[in-house]
Every structure is written in structure tokens, then in C-alpha cells.
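Here's a quick tour to read alongside the coordinates. Have the viewer open and follow along.

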Amino acid sequence: MSEYMIIDGIKAEINGEKNVLELARKVGIEIPAFCYDPDLSIYGACRMCMFEDERGRLDAACSTIPKAGMVIKTNTAKLRKYRKMILELLLANHCRDCTTCHMSGKCKLQEFAYKFNIENVRFPNNSCSLSSDQSSYSIVRTPSKCILCGKCVRMCNEIQSVGAIDYAFRGSKMKISTAFDGDIANSPCVGCGQCAAVCPTGAITIRDDADLVWKAIGNPEIEVSVQVAPAVRVGLGEEFGFKEGENVMGKLITALREMGFDKVYDTNIGADLTIVEESNELIHRITKGGKLPMFTSCCPAWIRFAEDKYPELLDNISTCRSPMQMLASTIKATYTGEKKHIHVAIMPCSAKKDEARRDKFKDKDGNPLVDYVLSTQDVVRMIREHGIHFAQLEESLPDVPFKEYTGASVIFGASGGVMEAALRTAVETITGEKLGDVEFKEVRGMEGVKEAEYDVKGLKVKVAVVSGLKNASIICDKVKAGEADYQFIEIMSCPGGCVNGGGQPFVDAFTRSAVDYKGLRASGLYNTDADMSSRKSHENSAVMELYNNFFGEIGGHKAHELLHTHYEPKKK
Amino acid sequence: MFDYSVLDRAIEKFGNEEKSLIAVLQEAQENYRYLPKEIFPYLAEKLNVSEAKIFGVATFYENFSLEQKGKYVIKVCDGTACHVRHSVPILEALRKELGLSEEKKTTDDLMFTVETVACLGACSSAPAITLNNEIYPTMTPESAVALVKSIIEKEGK
């Protein structure tokens with residue numbers, strides 16, 4: 001027999017929900033909350049989600065397990081009074097420069113202050129310092145906007161096991177801080193931006209580089225080219241009224257041309273190039289006795305994480321540059337124009353902003369190969385700023401010669417995509433036969449750890465696909481201890497892969513519990529792949545032409561110079 | 001070279017896990033008289049906790065200090081019982097005698113640290129102070145200053 005509890009007079013069936021808050025959301029009642037997130041542990045700090053029981057007692061919905069027969073109300077005079085008081089106290093301690101805040105329109109504090117009709121804060125405001133930590137290329141921290149909900153701390157520690165920030169000091173002096181309150185750039189931060197993805201206010205945001213790009217676009221002396229990563233096309237549409245996961249690449253290309261970019265390319269061709277090089281490297285390691293397991297190298301936050309926490313595993317990481325860097329070095333090396341050339345990359349990612357600044361990815365004059373990285377969020381704002389009616393745009397195609405791509409490259413944006421793309425090419429190369437079914441469904445899905453084993457003509461290939469750095473550290477520890485017999489491991493820092501990158505459109509906690517937005521964005525990519533006639537990277541004729549006319553041999557000298565890199569332990 | 005042997009012994013005693021952190025920090029505080037910066041990365045690695053977390057613990061508890069404390073630590077109780085029996089003048093007299101303030105708690109020669117504490121649990125002896133964890137009951141500003149002077153004299157020899 002099913003069990004019920006009564007919430008605001010509604011009979012709610014209990015099906016193992018972890019708390020009253022989740023159950024209420026299931027029956028369509030939104031209890032306000034700042035510090036609750038479905039993916040994180042329960043903290044119970046903000047007290048916004050209080051409910052009242054039949055005897056007038058109050059308790060927090062986030063930390064109460066639903067019990068049969070409970071009768072509660074979530075919106076009473078008493079609760080409204082308390083919630084207003086909480087909001088007033090938070091606002092007294094908050095820098096309220098909403099009109100010029102990066103999170104304006106998406107901020108939970110702003111939303112609740114409006115919803116609860118807070119028109120007067122009775123307490124003096126004692127937090128108006130706008131000093132922020134600008135030391136990182138990836139994220140910006142503005143402590144005066146912090147409401148101490150602790151989501152960033154839980155994300156950084158529980159999901160990412162990075163431990164860059166924690167609570168420090170005590171009572172009214174408490175704040176979120178790095179060790180010794182130092183710059184975030186000097187902390188173990190890897191720039192994944194997942195803290196910003198859960199921050200309900202503007203206390204942690206992704207660095208915005210739009211102004212620099214506008215400046216380049218506006219200069220007639222400069223040719224500005226741009227590349228667009230796979231995950232961007234299934235995330236950006238959400239901001240313009242499209243369904244989660246709808247592929248809006250065609251419209252985005254039109255928008256970018258309208259904004260003034262001279263050439264629009266697709267990062268996908270870089271991904272195909274990556275697969276050709278990376279599967280070649282994998283086969284080489286397996287057949288010639290190289291270091292195994294091999295880890296993927298596309299994710300810059302994972303690279304930072306490994307350089308800091310697993311220096312002994314650096315030789316296991318593929319030397320392939322990321323698709324963004326491979327395409328950038330190809331574009332820059334083959335550019336024949338007269339004008340100065342600036343290359344921009346649009347990424348779902350905050351760590352890419354940091355990757356582009358690495359010394360190894362600069363040309364001989366010391367200029368970055370990718371001059372600027374824009375997050376999906378940055379581009380959304382630029383489209384709005386330019387006054388483009390995005391939904392009404394015609395679709396267009398990218399520019400030649402970096403236009404053609406295969407289904408294998410587009411799935412890079414989902415956890416398991418790089419693995420599947422590499423398997424398609426590696427298996428065909430090893431067996432010399434065409435694959436009947438190109439889909440490796442075992443490595444798909446949003447689970448944090450996936451494993452599969454394949455028999456490739458007698459050669460056993462065992463693989464693991466991991467997303468979230470806590471999961472990565474569990475696998476790395478196993479590899480270090482010699483307890484893992486994988487040949488190939490894909491690691492993405494953000495849970496679910498790049499579709500859930502720190503630079504993607506902000507998804508609030510309510511939507512995070514109600515909608516499988518990661519899964520929907522990923523399906524958008526898998527659907528695009530399924531519609532393609534060419535679904536294997538080594539069948540990309542534009543890539544093969546590049547080898548014939550420019551790089552020479554796969555894994556050869558020129559390819560090594562332009563498409564590979566190496567890693568160094570973090571200096572401490 | 002920084003001497004980590006104190007930490008190694010503490011970790012040996014309490015175990016190399018996160019839950020030993022406070023106990024290990026207490027040993028460190030006792031031995032170095034503060035928590036030197038050098039111990040943070042060392043403990044982070046040994047106990048598998050982040051430096052940010054250790055910093056959080058170190059700044060949460062009054063007993064831990066990130067700055068070196070004096071050889072003689074005087075704690076003036078400012079709990080309710082001591083407060084109503086005039087503990088504040090004792091604190092003021094000590095600070096004046098040693099040139100200290102609320103912000104500057106330790107003398108430049110690292111001899112004395114003067115702090116307040118919420119309750120020493122010695123309410124029957126109010127107003128009370130402790131000198132390196134030894135209780136001195138029913139103090140007056142004069143007797144507190146005399147105590148300090150006697151130490152200075154002893155150390156001067």
C-alpha cells in the first residue's frame with residue numbers, strides 16, 4: 001500500500017524522496033530555499049524552507065524525511081513573517097547593486113526579495129565593498145554578495161574533491177575562503193566553474209570576456225575568426241525559449257556573423273582531428289607496450305587536477321591537445337590573410353579560459369593561439385546586447401575549410417562521447433573492418449562512473465568513463481594502486497560532461513531537481529550524431545585532406561609539433 | 001628546515017585520518033605555540049584534507065592561533081561571574097602594563113600574550129585569570145600586574 005502525507009491540503013504519495021522539499025516539488029509546490037541542491041549534501045543553513053505542522057511547530061523541509069500521515073503547511077502567516085525576516089537580514093549583509101550585477105535576473109536573493117515583497121530593509125547595510133578576487137582566468141569571487149549558503153564549498157569538496165575553498169572564521173565574521181584567504185588562482189582551484197553553476201547569487205561568477213571580443217570585432221584592421229564547441233549548441237537555446245537540448249547551431253552561426261565575426265568555424269572538426277590522433281596514440285600504446293591506461297586530455301580542469309594531485313600519472317595522459325587547441329593551432333598555422341588575426345573560441349567551459357592562457361599554447365611571439373575564450377553565457381549576453389531576435393534567425397553553415405564534421409565529434413560534449421568516438425575509430429583501425437553498429441551505448445548516460453569491456457578480434461579492451469573529479473580521484477587512486485586493468489579512461493570534470501559545463505546557461509536548483517537538463521542536452525548531441533551520414537572521425541574527408549596537404553603522417557613530426565603537448569607537475 | 005617531528009608523533013598517536021585533525025592541531029599549537037604556515041600543506045597531505053578546511057578549523061576555534069603566542073599566555077576570564085566582579089579593569093591593567101590592546105595580543109619580545117576567554121569554569125574564584133593554564137583566583141588589577149612583574153623579574157635574571 002502506498003503511503004501519503006498532506007502538504008498544503010494536497011495528498012502527496014511518498015516514493016522514497018529524500019526530504020519533504022523534494023516531495024513538495026514533485027506535487028508542484030515550490031518551497032523557497034537557498035542552500036539546498038539535489039546533487040549536494042543537506043546543509044540546512046538558510047532556513048527559508050521551513051514548514052509548519054499541525055501543532056504549529058516549525059522544521060526545515062530540506063532536512064526532514066517524509067513520513068506517512070504527516071500534515072504540513074508551507075505557507076502560513078508565521079512562515080511568511082520568518083521568511084521576510086531572513087531575507088531582510090540577508091539583504092542587510094549583502095551588496096545590493098543589482099542593476100550592475102552579473103547575476104541580475106538570475107539571482108535567487110533578488111527573486112525572493114521580489115516574491116516576498118521586501119520593500120524596506122529595517123537594518124543598516126554593512127556590506128558594500130565590491131572588492132573581488134580577479135586572480136583567476138576562470139571565475140570571479142565577490143565576497144560581499146555571498147549569503148553563506150555553502151553550495152560552492154560542498155560542490156568543490158563533495159563532487160569535485162578539489163578543496164579550494166571552505167568556511168573560515170566564525171559567527172558574524174564567517175566567510176567562504178581559500179587557505180589563508182589567498183587568491184583563488186594560487187589555490188588548488190581547477191577552474192571548472194561548478195561553484196558558479198550552483199551559486200544562487202553573484203558571489204561566484206564565470207569571468208566575462210565579451211568586452212575584449214567586441215573590441216576586436218569592431219577593429220577593421222583585425223580579422224576575427226571563431227570556433228564553437230559541441231555542447232554550446234545544445235545549451236544556448238534554453239536562454240532564447242528553446243527546449244533543453246535543442247540544437248541551435250545553425251541560428252548561432254547566423255547570429256555570430258551578424259555580430260561581426262569574419263569567419264565562423266566548428267570545433268567539431270578539431271574533435272575529429274583529436275580522435276584521429278588520440279586513437280592512433282592509444283593503439284600505439286596498446287600494441288607497442290606504452291604506458292596504460294591512457295587518460296583522455298580534452299578537459300582542461302582535469303589536466304589542472306592531475307598536475308596538482310596526481311603528478312605520477314601525467315605520463316598516462318594522452319599527449320593530444322584538446323579539440324579547441326588542435327583547431328586553433330591549425331587555423332593559425334594555415335592562415336594566409338594579410339590582416340592581424342584574432343581567434344576566439346566559444347566554449348561551455350570556464351576552465352578553457354585558463355587553458356588558452358597556458359604557455360604551451362602560445363605562438364612563437366608569445367601570443368595565445370586562442371586569443372579569447374567566451375563562455376556560452378558570454379555569447380548569450382552578446383547576442384542580447386546586439387539586439388538579435390535569436391529565435392527568428394535563419395540557419396546557416398560554418399565557413400570552409402573548417403566546416404565538415406562527423407557524428408563522432410559532436411558527441412564530445414556528453415560524458416562518454418570522446419570514448420565512443422575513439423572506439424569507433426580505434427576498433428575499425430585494429431580490425432580493418434567496417435563496424436556494423438557504430439553506437440557504443442554502454443558508455444552513454446549521466447552516471448558518474450561507467451565501465452565497459454570489448455573484445456576487438458581477440459584483443460580485450462576495457463574502458464572506464466568518469467565525470468566529476470571526485471569520481472576521477474577514485475579511479476586515479478585505483479590506477480596508482482595497480483588495482484585497475486583499464487586500457488583507456490575518459491575523464492570530464494563536470495558531472496555529465498561539457499553539456500553541464502560551468503560556462504553553460506545557469507540552471508537554478510529547482511530546475512535541477514525537476515528536469516534532467518544534462519540528459520536532455522546530451523540527447524540533443526546524440527540525436528545530431530544519429531542523423532549524420534558520416535559518424536566516424538577517420539571518415540572526415542576535410543581532416544584527411546589536412547593530413548595530405550599539411551600535417552603529413554598521423555602522429556608524425558608536424559602533427560606532434562602542432563597537435564600534441566606535455567604536462568608538468570604543479571609547482572608548490 | 002622545518003621540524004615536522006611533532007606532527008609525525010601526533011599523527012602516529014591519533015591516526016592519519018581527517019577526524020584526527022583537531023587533536024593534531026592541538027599538539028601543534030602546544031608545541032609551536034601557534035600554527036605555523038608550514039604545517040598546512042604537510043597536514044593536508046598526511047590527513048587527506050584540504051588546506052582550506054584546515055584553515056577553516058584553525059580560524060573557527062579561539063584556542064588556535066595563526067600568529068605566534070608569547071611564552072606566557074594569560075587568559076582573563078570575562079564570563080558573567082567574573083565580569084560582574086570587575087574582570088575588565090584587570091584586563092585593562094594588564095594591557096596597559098604590557099603595551100597590548102585588543103588587536104595586539106602578544107608582546108614584541110614574544111614573552112606575553114593576553115587574551116580574554118568566555119568562561120574558565122572557575123566562577124567561585126571570580127574574578128579569575130590563568131597563566132599558562134594555571135588558575136589564579138580572586139584577582140585585582142594590582143595583583144595581576146604584580147604577577148606580571150614577578151615574571152619579568154624572573155626572566156630578567
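## Confidence

Keep in mind that this is a predicted model. For the complex, the predictor reports an ipTM of 0.91 and a pTM of 0.93. Chain B comes out with an average pLDDT of 93, and 99% of its residues score at least 70.

## A helix pair in chain B

Take a look at α1 (residues 5-14) and α2 (residues 21-32) of chain B: their axes are 9 Å apart and the packing angle is about 150°. Angles over 145 degrees count as roughly antiparallel, so that's what α1(B) is to α2(B). The crossing of α1(B) and α2(B) is right-handed.

On the α1(B) side, the contact residues are V6(B), L7(B), A10(B), I11(B), K13(B) and F14(B); α2(B) brings A23(B), V24(B), E27(B), A28(B), N31(B) and Y32(B). Sorted by class, this contact of α1(B) with α2(B) holds 9 nonpolar, 1 polar and 2 charged residues.

## Backbone details

Two cis peptide bonds are worth a click. In chain A, V400(A) to P401(A) is cis with omega near 5°, and P401(A) belongs to the loop between α12 (376-385) and α13 (407-410). In chain B, the bond joining A126(B) and P127(B) is cis, with omega about -10°; P127(B) falls in the loop between β2 (112-117) and β3 (129-131).

Back in chain A, D8(A) is a non-glycine residue with a positive phi, near 50°. You'll find D8(A) in the loop between β1 (3-7) and β2 (10-14) of chain A.

Technical notes: Residues numbered from 1 in each chain as written. Chains lettered and ligands numbered in written order. Predicted model: local features only at pLDDT ≥ 70, side-chain atom pairs only at ≥ 80, totals over all residues. Heavy atoms only, no water. Axes fitted to C-alpha atoms, helices over the stretch in contact; angles between N-to-C directions. Helix = DSSP H or I, 4+ residues; strand = E, 2+ residues; numbered from the N terminus. Parallel < 35°, antiparallel > 145°, perpendicular 65-115°, else oblique. Left-handed = near helix turned anticlockwise from the far one by under 90°. Contact = heavy atoms within 4.5 Å. Nonpolar A, V, L, I, M, F, W, Y, C, P; charged D, E, K, R; others polar. pLDDT = per-residue confidence, 0-100.
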